[in-house]
Amino acid sequence: MSSSPLPYSVKDVSYDNAKFRHRSLTKVVNRMLLSHKVKRNCFTWSTGKFLAMMMIFGLVYLFMSRASQDSSGAVRSTIDGRIDRDDDKAVADGGGRFKKFWSKTPRLPPNLSPDEKVKLSVNDPNNYQLRWVSRQQKVKDAFVHAWSGYKKYAMGYDELMPLSKHGVDGLGGLGATVVDSLDTAIIMGLDDIVSEAGSWVETQLSDRINQKGQVNLFETTIRVLGGLLSAYHLTGGDGGMRLSKKGPQPVIYLNTAKNLADRLLSAFAASPTVIPYSDVTLRDSSGHPAPDGLSSTSEVSTLQLEFNYLSMVSGDPKYSVEAMKVLEHMKGLSKVEGLVPIYISPQTGEFHGENIRLGSRGDSYYEYLLKVWLQQGTSENVTYLHEMYIEAMKGVRNLLVRKSVPNGLVFVGELPYGAKGSFSPKMDHLVCFLPGTLALGATKGLTKERALKGNLLTFEDFENLKLAEDLAHTCFEMYSVTSTGLAPEIAYFHTEDYSEEGLGGGNKSSEYQNDIIIKHADRHNLLRPETVESLFVLYRITENEKYRDWGWQIFEAFERYTKVDSGGYTSLDDVTSLPPRTRDKMETFFLGETLKYLYLLFSDSDFIPLDKFVFNTEAHPIPIKGAAGATKSG
Ligand code: DMJ
C-alpha cells in the first residue's frame, strides 16, 4: 500500500511549529484541496462524488473548530495571564483553531505554592516589579533583625553593642535608637515594633528628658526631636498619613517633642549671640559651650527643619524664630564663593578658622540651606537660602571638585587652610550626602523627566545634576573598591599632585584600585547612610535603575559582613581585609537612616514623595508647607 501524504498541517507540526502558527485557515484548506492526490481525484471523480467529499470536509471543519474553542477555553481558565493573551490571539486567528486541534494538550505549569511562585517570578529577568518587592522585604527583615538585637540586649539605651550584647548611652541617655527607629518601623508597616517603640516613648521618654544631664543640641535635635515629629506626622498628627494605628496617640509624640525642644532652647538663650552653644543640660535647662568654646557650623545650621515644623504644629513661633536667626545671621557673614569654615564662635558670631570641607562639621550646613527653603514652600521670605545654596554649589564646583588619576573619578576634596592654601584630595564618606542634595536641588523633588518637560531646569540645575550623578558613582566605587564591598570612613584620591602606594581597598578586580587610597586609620565603617541616601534620591529623580542595583549590592555587603547572628549589625574596623575586623557598635542611624533609605529606594516612587516631604539630616521625613497630604500608603 502506497502511503498517502499527510495533511499539510500535521506534517508541518513535526518540524516547524512556528511556521504552522502563522498559517491561516484558508491557506491550509487551499493547500489540502490542491495537494497532489486531491487534484487528481477532482479531475477523475463524478460531480456527485466531488460534492459528497466537499460535505465531508465541511463537517470535519465544523467539528474541529468546536473542539478547538473548548480546548482554548480550558487553557484560559488554568494558566497565567501571559499565556492567556497568546490564546486570545490564537482563537481570533482561524489557524489557531487547527493548531489547538492537532497539537498536543498544552503543558500546564506545575501547581506552585505562593512562595515558589514569587521565587520563580523574581528569577525571571523581566519581572522587575516583583524583584524589588522581594528585595524591599529583605531590607525589612534586616530592620527586624537589627531591632530584635537592640530590644533583647539594649532596650532604652542609646545604642546596642551587638557583640558584647549590651547597651550603651553614647548620646546622653534618651533611648536614641528607640526614637530614631520609630518612623522607620511606621514606614515599613511593622506594627509590633511601632507598638514597642511607641509605648516606650509614651511611658519612659518624658521622664528621661526631665532628668538627664548633658546632651548635644544638634544630635538630640536631628535624632530625637526629628524622630518624634516624623512619628507625629506619619501616625496622623497634623492631618498626616496615618501609616500606623499602633502606639500612642500622635499628640503624645508632639507633647514630648515640645518638652524636649523647650529645654534645647536654652542653648540659644545662654549664648551671647544668635549662634547657640553646642550642649544643653536637660534637667535644669541650661546651655553650655563646647570645651574649646566653638560650635560646629553644620550643627548650628541643622536645627531649622525640626524647629520650624514644631512651631507650625504647636502654634508657638518661638522655636522657629530662634533657629532661623542662625541662618539669617549667616547670610551676612563673609564666605569663600559661598563656602564656609567648619567652626563658628557663639561668643562673636563669626566663623572661626579657615578649614573648609563638606565632610564632618560642614556637611549639613549646605543640605539645610536647600531643604529649609524647600520646606517653606520656596516662599519669598527664605529666597536668600536658595541663593546661598546656589552660590555655595558654584563654589564647590570651582574650588573643591577634581578628578582622580588614572580613571577620572569625580570627587570633592577639602581646603584645610582656606582658598589660598593647598587642596587636599580627601573625601569623607559623609560627603556622599551631596549627590542626593544636588539632585534634589536641581529638580526640587520632581523627576528629571517632568522637570525637563516643564522646562524647569536652569543652567545651574543641569550642572548640579551632572555633578550629582558623577559623585554618586564615586561614592558607589568607594564601596566596590574594597574587599568587603563596604566603604571606608574616609578615602583619598590619587591626583597629579598626590599619590601613595600600597593603600588600596583590596578588591583587585575594581578598575578604580589605583584611583582610591585608603589610609590605615580610615578603614572603618560605621554603617553610615550617606551613599544609599543619595542613591535613593537619584533613583527617584532620574529613574535610572542602576541606582537601585548599586543600593542592592551595598545592602548585600552589609548583610554579609555586619550582621550579628544573635541580633543587630555591627560597625567594622577594617573594610579592606577579609574577614573584616569588627567594632562592637550599632549606630542609631543604621535603623533611622541606612535601612530606611534602602527600603524607600526599593519602594514605589509615590510613597513619601520628594516633592511633598523633605527628609531631615537623620532621614526623618517632614512635610513641605502646603504640599503634603494625600499620599499613597504602604
Ligand atoms: C547622621 O547622624 C546624620 O546623617 C548626620 O547629618 C551626619 N552623620 C550621621 C550619619 O552618618
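Modeller: What follows begins at the ligand and then moves to the helices and sheets of the chain.

This is a predicted model, in which local features need pLDDT of at least 70 and side-chain atom pairs count only at pLDDT 80 or more, while totals for chains, interfaces and linings use all residues. Residues are numbered from 1 along each chain as its sequence is written, and side-chain values use heavy atoms, with hydrogens and water left out.

The ligand is surrounded by Ile222, Arg223, Leu430, Arg528, Pro529, Glu530, Phe589, Glu593, Thr617 and Glu618, where a residue is near a molecule if one of its heavy atoms lies within 4 Å of it. Sorted by class, this shell has four nonpolar, one polar and five charged residues (Ala, Val, Leu, Ile, Met, Phe, Trp, Tyr, Cys and Pro count as nonpolar, Asp, Glu, Lys and Arg as charged, and the others, Gly among them, as polar). An N or O atom in the side chain of Glu530 is 2.6 Å from an oxygen atom of the ligand, and for the side chain of Glu618 the value is 2.6 Å, while an oxygen atom of the ligand is 2.7 Å from an N or O atom in the side chain of Thr617. Taken alone, the ligand exposes 290 Å², and the protein buries 92% of that (accessible areas come from the Shrake-Rupley method with a 1.4 Å probe, and for residues only the protein chains shown count as cover).

Helix H12 (217-234) and helix H25 (588-601) each supply at least two residues of the shell around the ligand; helices (H or I, at least four residues) and strands (E, at least two) are DSSP runs, numbered from the N terminus. In the loop between helix H24 (546-562) and H25 we find Pro579, and the peptide bond from Leu578 to Pro579 is cis, with omega near -10°. As a general point, most peptide bonds are trans, and most residues other than glycine have a negative phi.

From H12 we can move on to a sheet, since H12 lies across E3 and E4 and runs at about 70° to E3 (contact means heavy atoms within 4.5 Å, and axes are lines fitted to C-alpha atoms, for helices over the stretch in contact, with angles from 0 to 180 degrees between N-to-C directions). This open sheet is formed by three strands in the order E3-E4-E5, with antiparallel pairing; two strands pair if DSSP finds at least two bridges between them. Its edge strands, each pairing on one side only, are strand E3 (214-216) and strand E5 (286-288), and the twist averages 30° from one strand to the next. E3 pairs with strand E4 (residues 279-281) over three bridges, in the antiparallel sense, and Val215 has Val280 in E4 as its bridge partner. The loop between E4 and E5 holds Ser285, whose phi is near 50°, a positive value in a residue other than glycine.

Notes
A polar contact is a pair of N or O atoms within 3.5 Å; within protein, one must be able to donate a hydrogen and the other to accept it, and residues adjacent in sequence count only if both atoms are side-chain atoms.
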